[in-house]
Amino acid sequence: SSGINAEYGASGRCMAWPYGKTCEETKEWLADRSKARMEGYPGYLGLHNPHFTATCFGEVPTLFHPTQLLHPDAYSIPQSAWVCCVNMRSGQLFSSNKEKDCMELTEWKTRGEPFFCEYALNEVLIAQEMARLEQLG
């Protein structure tokens, strides 16, 4: 499971952030706390193997892309990670059910990297957020 508590959004132990952050803010928050920024770490340990960070939704960078590559955990097969469907506003597992929302990275690649998160793609939210961002200028 994702290790969620009352104050932090999370996608495993190595990817947790305070609730209420946009995708852009989450990426910055994770990068600021990454081992890649610590003395003696060349940038390939811990969270910040840079592909284990939040992926924002293209033209609406305040929203999370509905498909996220998540850090391996105790339940991952060796040399794999997770590809999961998330809530576009919060970045949390869409249904809070890893069995429903996630696929092993190796299996996902074997299947040709299909988009399997149609149920998490929120077109109404995208349109609303695009309009809001346009108003902000």
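**A tour of the disulfides**

Select Cys84 to start: at 0% relative accessibility, this residue counts as buried (buried means under 20% relative accessible area, exposed over 50%, partly exposed in between, with a 1.4 Å probe and protein chains only). You're looking at a predicted model, where local features need pLDDT of at least 70, side-chain atom pairs count only at pLDDT 80 or more, and totals for chains, interfaces and linings use all residues. Residues are numbered from 1 along each chain as its sequence is written, and side-chain values use heavy atoms, with hydrogens and water left out.

Helices (H or I, at least four residues) and strands (E, at least two) are DSSP runs, numbered from the N terminus. Cys102 has 12% relative accessibility, so Cys102 counts as buried. The torsion about the S-S bond is about 110 degrees, so this disulfide is right-handed.

Next, pick Cys85 and Cys117, whose sulfur atoms sit 2.0 Å apart in a disulfide. Cys85 is in strand β6, while Cys117 is in the loop between α3 (105-110) and α4 (123-136). Both are buried, and with -80 degrees about the S-S bond, their link is left-handed.

Last stop: Cys23 and Cys56, a disulfide with sulfur atoms 2.2 Å apart. Cys23 lies in helix α1 (residues 23-32) and Cys56 in strand β3 (residues 56-57), so the pair ties together parts 33 residues apart in sequence.

Terms used:
Disulfide = S-S within 2.5 Å.
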